[in-house]
Amino acid sequence: MNALSNLWRRNPTLCAALVIAAFVLVRVIVVIATPMEIGPDESQYWRWSRTLDFGYYSKPPLIAWIIAASTAVFGDGEWAIRLPSPILHGIAAMFLFLLGKQAFNPRVGAWAAALYMLMPGITLSSTIMSTDAVLLPAWAGAVYFLWRFRDSAKMGDAILAGAMIGLAMLGKYAALYLWGGAALAALLDKDMRKAMLSPAGAALVAASLVVWGPNIWWNFAHDFATVSHTADNANLGEAGFNPLHVFTYLGDQSAVFGPISLLLLLAGFALILGRKDKWTTTRELWLLAFIAPPLLVIMGQEILSRAHANWAATAYPAACVLLASWIDRGFGSETSRVKVSPFLKAGVVLNAVVGIAFTVFWLSPALADSLRVSSGMKGVRGWEETVAGLDAKAREIGATAIMVDDRELWHGLDYYSRNMQIVPLRTWLHDSHPRSHAEEAGMLQPGDDTRLLIASIAPADRPMIRADFASTEPLGYLSVPLGPTRERKLKLYVASGYKPAPRTPGYEKQFEGKPEE
């Protein structure tokens, strides 16, 4: 400990890098040691990585490129697919250290890195391969270089900031919030405004477009498939208005950022505007420009329709630096003796405890089962058994193909059947055209319906599926346990004569209330 303290005094950047590297090493070990299988989304990204391109059905290409690089070196096992994730989050933490150090001081940088690495959402994200794992390092790097650009307006910093924004766009389109944040920061801060309106600002925009350009071109050549899917995912076509959903939103965000951290972040916003320290307030408002847009937009999305918990994740890198500055200064109301810092430190400790518990359960699912806390793990269990059961049934009946009725089911089976001599794996087309990569890649081919094994996980779809075939015969169920109270239960049929009915606007209504058989 004395050696670490001495190193911190001599070289805080090296000390921070070593501590972050130690965190990363532990999480790499967890990724390698866990018995958890990969989930359907990870399987989908792995499938994309088998054929490199500048874009894919529902996401930009960066995640597929990174998985391709990892699996080219280490093989296509589960741990090789997930290996980049803890490393990438470590890179994000290092960028946040550098941002906190440059905008405030090294102590703020250290707290920012700690807050980020111990966030519950990052603890989870470091054990799986997701688009957040490739977005957030580029996002953190972009915010860091944007701050340097704001301070100096140098051409080098402008190009690096633009390149990082472009790289973030190749990771996930949520990186568009970076442009909103930069614009808002320019409105709030004269130094940022001056930098953005300089020739270096034009170079920043150009650099981002150069890096992002191949994906723009791919979308143009493919009828903007990824952009269209992103719009569909927002589900605004079925928008309503339910302000009570804000409580669901806050619950989700507390699970991502940590309950105490989120509470104090939201409460602290009001205290920024009332303070007299212009130097600090300027920095805090600049950070707020990269925090508020995703938080507010996704809250509106939740109120109008629905939103996944991680959709606001881009708010939290800058939030970590903001909270770190409050920890360092013991920030509180100038008219009160109540200080935020002790509560924020308690929030960091709570996040660390949650992270340790999650890690233990991730390494020992049997312990999670015994404590009845494993329901959230159902998506990463039982895939090998499911493939084996379907393969055995397909061989028993002499099936020409296996067809499923769910994209996640198709992707899970796709990965775990990669080394088996299983019959072709297909997907039932719910609409008149594919609405997912699984439906596009798994469309029935001529001859597949000679003797087709159907495995259905969606009871509501079964009357429609049976209506698409000249003959269907029930074969019972395949049940695979996913924990003490969960199972993957598939209804099996043998079918032939695929003749899908036209998907007219009122097509589904004729099947409402009809029994499965």
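Tutor: We will take the helix, then the aromatic pairs, then charges over rings. This is a predicted model, where local features need pLDDT of at least 70, side-chain atom pairs count only at pLDDT 80 or more, and totals for chains, interfaces and linings use all residues. Residues are numbered from 1 along each chain as its sequence is written, and side-chain values use heavy atoms, with hydrogens and water left out.

Student: Which residues of H22 are buried?

Tutor: Trp 383, Thr 386, Val 387, Leu 390, Asp 391, Lys 393, Ala 394 and Ile 397. Buried means under 20% relative accessible area, exposed over 50%, and partly exposed in between (1.4 Å probe, protein chains only). Helices (H or I, at least four residues) and strands (E, at least two) are DSSP runs, numbered from the N terminus.

Student: Where do they fall, seen down the axis of H22?

Tutor: Within an arc of 165°, so the buried residues line one face of the helix. The arc is that of the directions from the helix axis to the C-beta atoms. On the other side of H22, Arg 395 and Glu 396 are exposed.

Student: What do the buried residues of H22 pack against?

Tutor: Their partners include helix H3 (40-49), helix H23 (407-416) and strand E4 (469-481). Contact means heavy atoms within 4.5 Å.

Student: And what follows H22?

Tutor: Gly 398, whose phi is positive, near 70°.

Student: Now rings. How many aromatic pairs are there?

Tutor: The count is 16. Rings of Phe, Tyr and Trp (its six-membered ring) pair if their centres lie within 6.5 Å; planes under 30 degrees apart count as stacked, over 60 as edge-to-face and the rest as tilted. One of the pairs is Phe 54 with Trp 65, edge-to-face at 6.1 Å centre to centre and 80° between the planes. Phe 54 lies in the loop between H3 and helix H4 (62-74) and Trp 65 in H4, so this pair ties together parts 11 residues apart in sequence.

Student: How about Phe 104 and Trp 279, how far apart are the ring centres?

Tutor: 6.2 Å, with the planes at 85°, so that pair is edge-to-face. Phe 104 is in the loop between helix H6 (84-103) and helix H7 (106-118), and Trp 279 is in helix H17 (residues 278-288), so the pair ties together parts 175 residues apart in sequence.

Student: Is Phe 104 buried or exposed?

Tutor: Buried, at 14% relative accessibility. Trp 279 is partly exposed at 46%.

Student: Last one: which ring does Arg 418 lie over?

Tutor: Tyr 415, at 3.9 Å from the ring centre. A charge sits over a ring if NZ of Lys or CZ of Arg is within 6 Å of the ring centre and within 35 degrees of the ring normal. Lys 489 has its charged end over the ring of Tyr 477, 4.6 Å from the centre.
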